[in-house]
Amino acid sequence: MNNFYLCLALLLLFNPTIAWSEESSIVFTATPERCVALHKGQTCYQDVLFRWKTPEVGHYCLVLSQSQHQLACWNGAAVQEYPYSFEGDKTTTFSLVRSDDARSLAKVKVVVTWVYKAPKQSQSGWRLF
């Protein structure tokens with residue numbers, strides 16, 4: 001009976017699916033993740049640094065998710081970074097994709113926030129001049 005548990009432990013220890021699942025991890029970050037505008041609705045400007053680590057060397061692209069616009073593509077190293085001048089008035093999602101497959105491997109959001117609400121318009125139609 002002890003040999004059965006020993007064989008079972010050895011099978012679980014050398015299971016190739018466990019090693020494969022560790023290799024599929026992808027790290028994708030944006031620094032900073034937040035862009036702050038002065039008033040609501042204003043365009044926010046921020047230099048964002050994207051960093052990623054892929055499990056293997058390949059051909060990948062950094063894509064603006066809403067429009068599927070490719071910001072940068074590269075072929076080579078598994079660890080890369082890309083500086084980007086962000087301009088926007090809404091929260092924007094960026095994706096990391098393989099060039100031969102449109103599915104996203106990882107996503108990150110750059111959140112747009114503001115300090116003050118939009119200035120209120122006067123409700124009356126009266127003007128002095």
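Because the model is predicted, local features need pLDDT of at least 70 and side-chain atom pairs count only at pLDDT 80 or more, while totals for chains, interfaces and linings use all residues.

The overall plan comes first. The protein has two helices and eight strands, where helices (H or I, at least four residues) and strands (E, at least two) are DSSP runs numbered from the N terminus. Read from the N terminus, the order of elements is α-α-β-β-β-β-β-β-β-β. Contact means heavy atoms within 4.5 Å; among contacts between residues at least 6 apart in sequence, 59% join residues at least 24 apart.

The mean pLDDT of the protein is 79, with 74% of the residues at 70 or more. Helix 2 (residues 16-23) has the lowest confidence, with a mean of 32, and strand 3 (residues 44-53) has the highest, at 93. Over residues 6-23 the pLDDT stays under 50, and the model has two contacts beyond four places in sequence for this stretch. Where pLDDT is low, the predicted coordinates should not be read in detail.

The strands are arranged in sheets. Two strands pair if DSSP finds at least two bridges between them. Five strands form an open sheet in the order 2-8-7-4-5, with mixed pairing. Strand 2 (34-39) and strand 5 (69-76) are the edges; each has a single partner strand, so one side of each is left without a neighbour in the sheet. On average, neighbouring strands of this sheet are turned by 20° against each other, direction ignored; the axes behind this value are lines fitted to C-alpha atoms, for helices over the stretch in contact, and angles run from 0 to 180 degrees between N-to-C directions. Inside the sheet, strand 4 (residues 58-64) and strand 7 (residues 92-98) run antiparallel and are joined by five bridges. Tyr-60 stands opposite Arg-98 in strand 7.

Another open sheet has three strands in the order 1-3-6, and its pairing is antiparallel. Strand 1 and strand 6 are the edge strands, each pairing on one side only. Five bridges link strand 1 with strand 3 in the antiparallel sense. Two of the residues facing each other here are Phe-28 and its bridge partner Trp-52 in strand 3, and Thr-31 is likewise partnered by Leu-49.

Buried means under 20% relative accessible area, exposed over 50%, and partly exposed in between (1.4 Å probe, protein chains only). In a regular strand the side chains alternate between the two faces of the sheet. Of the 129 residues of the protein, 26% count as buried.

Phe-28 also belongs to the largest nonpolar core, which has 21 residues; Phe-28, Phe-50, Leu-62, Phe-86, Phe-94 and Val-110 touch the most other members. A nonpolar core is a set of buried Ala, Val, Leu, Ile, Met, Phe, Trp, Tyr and Cys residues joined through side-chain atoms within 4.5 Å. Beyond four places in sequence, the residues that Phe-28 touches include Phe-50, Trp-52, Leu-62 and Phe-94. Phe-28, Phe-50, Trp-52, Tyr-60, Trp-74, Tyr-84, Phe-86 and Phe-94 form one aromatic cluster. Rings of Phe, Tyr and Trp (its six-membered ring) pair if their centres lie within 6.5 Å, with planes under 30 degrees apart counted as stacked, over 60 as edge-to-face and the rest as tilted; the count comes to eight aromatic pairs.

The loops hold details too. Ser-65 counts as buried, at 16% relative accessibility, and is in contact with Thr-93, Phe-94 and Ser-95, leaving aside neighbours within four places in sequence. Gln-68 is found in the loop between strand 4 and strand 5, but counts as exposed, at 54% relative accessibility. Gln-68 has a positive phi of about 60° although it is not a glycine. In the loop between strand 1 and strand 2, a cis peptide bond joins Thr-31 and Pro-32, with omega about -10°.

Key: Residues numbered from 1 in each chain as written. Heavy atoms only, no water. pLDDT = per-residue confidence, 0-100.
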